[in-house]
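Let's explore this structure together, one question at a time. Have the sequence and the 3D view ready.

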Amino acid sequence: MPFEAKKTTLIAGELLTIEDAESLLEWLLKHPRGQLDLTACTHLHAANLQVLLAARPKIAAWPQHAPLATWLHTALN
Amino acid sequence: MNPLLIQFLAEGREFLQSISEKLLTLENDPNDSASMNELFRLVHTLKGNSGLFDFPEMSRVLHAAEDVMDVARAGQVTFSRALADQLLEAMDFVSGLLDDIDAAASDQLPSTHQHATEAARLGAALRGLMTQSLTTVAAAASEPVSAAELPVENSAPAEWVVAISEAVRMELYRRLDAGETLYRLIYQPEEDCFFKGEDPFFQVIQLPEVHWRQVTAREDWSPLAELDAYRCILRFELILSADAADLAEHFRYVPDQIEIFPLTAAMLVVPTGRAQAEPMATDFVRAAQTALASADYVALAQATRTLLELSAPDLWIASALRWLLLLLDLPQAANDGLQLLLAEIGKHLVSQLPSAPLFAKSGVKSPLLPSGKEEKPSVEKGGLGGFISSDTLWSAQVVLEAQREILTLPNHPPWLSGQLKAVAASLTGVCISLGREAELITLQQALETALTEAAPQALLTWLDQQTLPPTEPLPQFVPALSVVKSASSAPATPAAPNEPVAFNRRAEDHPSSSPTIKVEQVKIDRLMNLIGEMVVAKNALPYLAGRAENVFGVRELSREIKSQYSVINRIAEEMQDAIMQVRLLPVSFVFQRFPRLVRDLAHRLGKEVRLVMEGETTEADKNIIEALADPLMHIVRNSLDHGLETPELRRAAGKPSEGRLTIQARQESDRVLIEISDDGRGIDPMVIRHKAYEKGVIDEATLERLTDQEAINLVFAAGFSTAEQITDVSGRGVGMDVVRDAITRVNGTIELRSQVGQGTRITLSLPLSMAVTNVMIIASAGQRFGVPMDAVVETVRVSRCAIHTIKRRLTTVLRERLVPLVSLNELLALDTLQRTNSDDEFAVLVVRIEGEYLGIIVDDCRETVDIILKPLAGFLGAVNGYAGSALLGDGSVLLVLNPRELL
């Protein structure tokens with residue numbers, strides 16, 4: 001399980017695979033104001049990126065992994 | 001090498017073999033739809049498998065082949081010789097790649113990109129076969145993009161340039177000026193790329209030295225509820241320092257989805273900002289042009305700085321001036337670059353509106369502003385805002401952001417003091433318009449500190465204190481808040497995907513599973529060795545029984561041991577037999593390559609050949625079968641090249657124009673017979689005789705004496721070739737002798753019969769298995785030796801008086817035949833005489849070597865035993881005269897002689 005759901009915050013694991021995009025999308029549908037904690041995340045599959053781009057959820061914490069954080073900042077800002 | 005790859009290599013070869021078989025079948029019967037489907041399935045599966053590894057060249061060629069097959073299967077393209085040729089060539093290419101990969105044999109996957117051009121060519125050729133009515137997928141050439149081929153953007157400022165913030169562009173400009181090569185890369189992954197296992201984001205994130213990046217969607221995102229996360233509409237755009245070849249290599253799977261443009265400095269110089277009338281600018285342009293004309297760069301820089309200090313930093317003119325300064329600052333900056341920029345400033349001044357409303361919400365967002373901050377003006381209220389309209393607040397926000405951006409510019413330009421003053425002036429303006437005059441005193445102090453320190457830090461601190469909300473909400477705070485808010489909401493559990501994703505896998509993907517398993521030969525060999533040891537250990541039991549009876553005098557125990565022995569013996573023998581069975585391979589293992597070989601050779605030689613193969617299921621030991629491959633290949637080549645005639649000659653000789661080559665295999669008792677026969681011109685003994693004489697293989701006397709059959713057998717002599725010309729097919733004189741040697745090495749024999757004009761027949765006789773050898777144990781000079789039973793004709797007792805000396809050689813007459821005799825002790829250089837029995841008779845072992853009889857005098861002939869012969873290894877390997885060694889039941893080692901080598 002790459003996610004840990006805490007009420008309105010979804011805490012992502014280290015790696016979000018292509019299958020996780022589906023779960024991510026569903027969670028975001030269920031929690032339109034849900035937030036994402038990506039601290040532990042080191043990579044997410046492009047499908048997840050698509051979901052994030054389309055849903056634009058609030059990012060509660062950016063990844064600690066610098067390259068990913070840079071990319072996500074550019075993509076989501 | 002990882003096990004997956006090893007399996008892929010093994011399977012890949014099998015697939016290739018089946019593919020070429022199917023291709024040949026189809027060539028004979030293009031309408032065989034079952035074969036067609038099977039062929040498609042094979043190509044498709046192989047392609048799929050190759051995708052597991054990093055071999056894009058292989059996948060590309062296979063993909064093209066698959067497409068062609070798909071079209072052919074649908075009947076849109078007829079299966080032709082050309083198509084088969086092309087596909088076979090593609091398969092040869094893949095086979096070559098497999099060999100390369102196999103040869104690399106390291107932990108690292110070898111890169112196959114050196115074959116990229118070849119792969120592209122094959123791919124294009126294959127796709128070229130598809131008719132034009134079909135959508136021809138562009139076979140994307142994967143050659144590294146050379147700079148000359150790159151499309152160059154026109155000079156008009158493109159939208160993408162404006163999207164890059166000025167600071168980044170200036171940084172890029174400096175890099176370019178310093179001689180770095182920068183590329184702008186656009187990567188638009190295809191929509192179904194996720195289903196191919198690609199991760200475009202990963203691909204992009206791996207790129208080093210990215211200076212600027214942007215991720216957008218190619219179309220508007222559909223509402224979240226309808227979003228198809230697995231349809232990729234991403235568009236990545238980035239600017240990076242890299243080598244074009246490296247980029248091409250990085251994206252070699254998707255060369256058609258990326259665009260690479262080289263970046264030039266001129267592209268970047270695009271001033272951006274708020275347009276506003278700047279009364280002094282017109283004068284400046286005039287002055288600057290004069291300065292430029294007289295190459296007075298110092299004056300120009302001075303003028304620019306002055307104007308810059310006076311202009312608000314977010315104005316277009318300020319941006320232009322900053323560029324101007326940068327250009328002036330860099331030594332390589334071209335004069336016309338400056339001129340262009342000045343001209344543009346002039347143009348801008350003319351075109352702009354006389355007065356743009358201050359702080360108005362402009363249609364075009366200033367690129368200096370990071371977007372996404374607009375939603376937060378409310379937070380501002382605690383800072384600078386009072387009861388002020390949101391519009392004004394927003395404008396203030398914009399200005400403050402701009403000031404922050406300017407202050408955080410990484411490098412400190414020489415006009416820093418002016419910059420700081422300008423920032424302070426802007427901030428003052430903001431404070432006044434927001435009614436926060438009280439802050440002006442601290443601002444003034446901050447400015448003074450900043451000026452004395454020549455660093456913007458103090459102003460930044462002021463800005464931080466005053467205004468901006470944290471860019472991100474504090475993570476530890478937010479969840480706590482939301483707990484209260486959504487206490488009643490259902491616990492959030494990401495639901496499992498409600499339906500499985502439909503991957504477009506085809507039904508043909510599942511090959512019918514066969515109840516067989518693949519085992520490495522090493523494992524079987526180990527079993528063989530173990531059973532060998534088992535047999536030896538088992539054979540020790542009778543000795544033990546003997547000792548129990550004779551030494552310890554316990555008869556009862558001896559009998560029990562013997563009965564146990566018979567049980568173990570039976571099981572061991574069955575086990576041995578079972579393991580032998582495992583090692584058996586059908587001869588089709590060797591035969592399967594002939595259809596392709598015959599087809600290709602026949603085409604090349606311009607002959608028509610029908611290949612008939614019979615008894616492919618006949619089985620023999622793996623080693624035998626493998627030893628057979630090369631000799632058989634040679635014989636078949638010879639038949640095609642020398643045996644079968646061209647269609648014209650055949651018709652002239654009254655034979656059907658199509659020659660017939662038959663390869664037959666069958667089992668006869670414990671031997672496998674393989675017959676290769678053709679209905680070609682046959683071997684003329686007269687020609688052979690003369691050739692042999694010319695080449696000095698035989699002398700004149702032999703020439704007269706030889707029978708026709710003996711003459712034909714001369715083709716087995718070393719260095720003999722009958723072909724008039726050496727072709728690339730055969731005829732180099734290293735022919736039949738090599739074949740014969742290879743066959744003899746596995747204890748086989750070869751026989752050749754030929755009738756002039758009727759054809760040639762070659763019969764190979766091979767043992768079923770090499771694993772167990774039946775040897776006769778002989779004794780000589782107090783030692784025991786083994787002699788393979790294949791060679792032994794008979795054992796006789798010859799009395800001393802029946803031995804005569806003819807020409808200093810011992811001979812005797814046996815069954816009215818003169819048999820030469822040699823003493824084994826003499827052959828082995830043992831310094832003892834052969835012993836006779838009490839009747840003064842010698843034990844003679846008559847062996848047959850190449851049709852000649854020879855008697856070997858030994859001391860005694862004992863029983864025959866089945867042994868597992870192990871070739872002599874290490875230093876002993878070089879010793880001639882021995883076939884190998886074996887362990888006997890009592891634990892002693894038996895050396896097995898090789899009579900042929902001994903003589």
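**Helices, a sheet and confidence**

Helix H4 (residues 81-104) and helix H5 (residues 116-129) of chain B pack at an angle of about 155°, their axes 10 Å apart. Helices here are DSSP runs of H or I of at least four residues and strands are E runs of at least two, numbered from the N terminus. This is a predicted model, where local features need pLDDT of at least 70, side-chain atom pairs count only at pLDDT 80 or more, and totals for chains, interfaces and linings use all residues. Residues are numbered from 1 along each chain as its sequence is written, while chains are lettered from A and ligands numbered from 1 in the order in which they are written.

Q: Are H4(B) and H5(B) roughly parallel or antiparallel to each other?
A: Axes are lines fitted to C-alpha atoms, for helices over the stretch in contact, and angles run from 0 to 180 degrees between N-to-C directions. Angles under 35 degrees count as roughly parallel, over 145 as roughly antiparallel, 65 to 115 as roughly perpendicular and the rest as oblique. The angle here is about 155°, so H4(B) and H5(B) are roughly antiparallel.

Q: Which residues of H5(B) make the contact with H4(B)?
A: Two residues are in contact if their C-beta atoms, placed from the backbone, lie within 7 Å. H4(B) brings B:Leu83, B:Gln86, B:Glu89, B:Ala90 and B:Phe93. From H5(B) come B:Glu118, B:Leu122, B:Ala125, B:Leu126 and B:Leu129.

Q: How do H2(B) and H3(B) run, roughly parallel or antiparallel?
A: H2 (residues 33-50) and H3 (residues 56-73) of chain B have axes that come within 9 Å and cross at roughly 155°. That angle makes H2(B) and H3(B) roughly antiparallel.

Q: Which strands stand at the edges of the open sheet in chain A?
A: Four strands form this sheet in the order E1-E2-E4-E6, with mixed pairing; two strands pair if DSSP finds at least two bridges between them. An edge strand has a single partner, so one side is left without a neighbour in the sheet. Those strands are E1 (3-6) and E6 (58-61).

Q: Which residue in E2(A) stands opposite A:Phe3?
A: E1(A) pairs with E2 (residues 9-12) of chain A in the antiparallel sense, over four bridges. Opposite A:Phe3 stands A:Ala12.

Q: What is the mean pLDDT of chain B?
A: pLDDT is the predictor's confidence in each residue, from 0 to 100. In chain B, 81% of the residues reach 70 or more, but over residues 132-155 the pLDDT is below 50. The mean for chain B is 76.
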